[in-house]
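Let's take a friendly walk through a protein model, one piece at a time. Keep the picture open as you read.

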Amino acid sequence: MKRISLTLVALVMLVVFAAGMAQADSISAYLGFSREVNEALAKRIEEKTGIEVKNVTLSWGEIWARLRSEAPRFNADMVMSFGGAAALEGTQKGYYEAYQSPAWEDIDPSFKSPDGTYYALGTFSFVLVGNKTKLAEKGYAMPTSWKELLDPKWKGQIVVPSPRTSGTAFMINYSFLSLFGEKDGWKFLEDLDNNIAFYTRSGNAPTDLVARGEYLLGITADENVLKRINDGYPLEWNVPAEGIGYEGNYCVILKGTRKLELAKKVVDYLGSQDCSEFIASMGYIPPRPGIASGLYGENLPRFIDLDHAWAYKNQRDIMLNWKRKFMMKETEDAKKVGDEREKSGG
Amino acid sequence: MAERLMTAVVDRNWWYRLRAFINANLINFFAGGLFALLAIFLLYPIVSVLVFSLWGDHGFTLDFYAEFFEYNFYYWSLINTLILGSSTMILLVIIGFCFAYLTTRGPMWLRKPLKIIALLPLAAPPYIFSISLITLFGRNGLLNNLFQLNFNIYSWTGVITAQVLAFLPLSYMMIENVLNAVNPSLEESASDMGASEFRIMRSITIPLAAPGLLKAALLVFVMTIAEFGNPAILGGRLPFLAPDAYLMITGEADFNMASVLSVVLIAPCILIFILHNFFLSGKGYTTIVGKPTAAEPRPIDPAIKIPFLILCIPVAIMVLLSFGVIVFGSFVKIVGVDNTFVIDHILNTQSNIAIWNSFKVSLGAGLFGAVVGTLLAYVIMRGKFHGRKLMEMIALSGFALPGTVIGVGYIIAFNRPPFLLTGTIWIIILNCVFRFLAVGVEAGISKLHQISVEIEEASADLGADFLTIFLKVILPIMFSAFVAGFIYTFMTTMMSLSSVIFLVTPGYDLASVYIYLTAQLGELGLASATTIKVIAIVAVSMALLKVVARKTGLDVKKQGA
């Protein structure tokens, strides 16, 4: 009896591990949109091109961390959607295959690199979100300009992602630096800091916190806003008068892929009218003009003039300055709170 | 005739000599093999990370360490991490002890439910507790609104509560294992002679369990400071090392600083480890000499029972409430916002492939991990070679490192010859085996602390060789440690996230990653439903394990896994 059971267990284990994988016309890719968009995109590509996209959903930082540690032997053929900093730096390091796709020829040059190493599938931005129910309870109106956020009535009611840990937050910060100029920009961030409850670790977290009514207002990535509203959360959003920043969702072919021809076909599809329509329906702004975005509609929102290359180049300095201004302060605040607690406790 | 006899004797001599040689050296062979495994799958990736903390764009540099000590937010995060680790550790040793005491010595009707509750959190990813706590006690939480509490969950209270709930099973399993092994007849006789329950506990149970308690404390400390989910979600403005190391990679893509934070994170673990050795030296308690006697359960004194219950019940309620929220969440549209009943989340089939992958990985990691862990424990405790402490330290280090860093270390180390493993399922299995090795090793060591060498020596005197002793004496005694190692590795692998998120390859999604992504996107319903399915699978697996164990004659329940 003992033997039989053990043999059975061993057999089960063998069967479990012997489950092989079938090979078809497929490529593998790291996808950096939100999970639902990734799944829909992979399905769409397979429908339209017949190429199966084996994929794994990762955040931009995770994708970049992987590329850096996997180079030069990448475990995927493509990346679809990650940030401009990674697209540029990877190009310098020679991570990507250059391909001049005919499908992208007539697309605005701001959506592609001159040598064809990366293409922007679309762009995303950040917006201001508020909790309808909670705002109504307090009798506050949704602010229509970024400056209004400095009003002391919002003290402890605003959540913003931290640029230490979120790529979106870095874009938010340098957008303000570009909008107000470096000096006034830092001043604005400092004043805003007085009203901020805390800096969230993830770029989408403020959407969640505000949707659940934990905080009144949030500055947040626009990716999930539409979905959250459709889910039924009492969430409202707007583009403040001064405008919003933006960042491309870049895609690349990784060097050394054994499926270069298939990957090229996928890039061709990504430049098509059909793909732009899909990207727009998901709430992004597509490379091909004249398609209404699911979130912003027909008319593009007002964008802040951004110099992305400058931002990427100075990322470390901007970050250090940010940490010096706000992280040091945070710890002093924490110390103060601790001291007060000690006093009242002892 | 005489010639044939001669050959036989020579043959036997040769055979005996070989056996004697194996007998004398087998443990060293084992040790060598295990050392090689540890070196490849723990040291090599860790060293790769260490190199990253010292290697800038222009070669060797100490700049990153200088940066760490230049800004107070970095060392403040170190101090916060230490406060979090020690407070969670103290709380969990006390709570874990109360739970374990009640389930091993308390009234029969209490044992099973308390044990199930104490083990329940294993089935969910640790950060699920943050989400439950926010749903219950957030500024717009269910209970906060119901009772008009003015409770701030984004604080120390929140982080520590979440960590205590998440790591209750770890502390409980370790302590229960130890308390089970304390020979009841000692307590029995003390009780017969009129000692009070408190006195017995103070002078018999706790001293005998002390090595195990210390080990549990060490593991809890190390695990809590390495967990990133709860401090990241509930920490508010408080900086902590582990989430910052993780998010430095995903946010700033700053490998070097992340490596520095990780290296700093290892330092307190090494310190704790040295302290632990210092306290334990010369305290080798032995209670199992010969067969343990099965004793009638002794009625527990109310003076002990009631305070213990007062401590355990709120914790138990919190665990149940947290899981209640998950169950509730998987059947309503949006928890707390739109509480209409829906079944869509459970019926969603997208998650099933990921769950199946996770199951395969966990089964492999559990079995392999338990074997390696048990062997390691044995070699460390009974071997007579130098460097055993070092071996134990390396085995434990998998726990001390934040998963992210070891994940990245694995990619760096195993994406090039001679160990080209990335892109396979094996790298995920190996990663989990060596990251979660500590529980199996520690359970084994606690067990061996209490088994007198005399039993093995007696068998050896009676002519049994090493293999016989190992199979007939040591394995049966260590079986509970084996099972503890298996269960822990299996369950943690099911839910482990921080390092496998770097190792999952396209087309090979895992349940934990799926839950994390859905929870991240605020699809709490889907996340909860997937968690529920995983819990169901874990429960069924555990039940199957029990059936198999019963059929094979090894009673898992009695062994107290």
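**Where two helices meet**

In chain B, the residues B:Pro211, B:Gly212, B:Lys215 and B:Leu219 of α9(B) meet B:Ala438, B:Glu442, B:Ser446 and B:His449 of α19(B); two residues are in contact if their C-beta atoms, placed from the backbone, lie within 7 Å. By class, this contact between α9(B) and α19(B) has three nonpolar, three polar and two charged residues. Here Ala, Val, Leu, Ile, Met, Phe, Trp, Tyr, Cys and Pro count as nonpolar, Asp, Glu, Lys and Arg as charged, and the others, Gly among them, as polar.

This is a predicted model, where local features need pLDDT of at least 70, side-chain atom pairs count only at pLDDT 80 or more, and totals for chains, interfaces and linings use all residues. Residues are numbered from 1 along each chain as its sequence is written, while chains are lettered from A and ligands numbered from 1 in the order in which they are written.

Now turn to helix α7 of chain B, residues 156-181. Helices (H or I, at least four residues) and strands (E, at least two) are DSSP runs, numbered from the N terminus. Is α7(B) mostly buried or exposed? Of its 26 residues, 25 are buried, so α7(B) is largely enclosed by the rest of the structure. Buried means that 20 or more other C-beta atoms, placed from the backbone, lie within 10 Å of the residue's own.

Chain A, finally, has 13 helices and nine strands. Buried residues make up 47% of the 346 residues in chain A.

How values were computed. Expected span 1.5 Å × (residues − 1). Buried ≥ 20, exposed ≤ 12 C-beta atoms within 10 Å, placed from the backbone.
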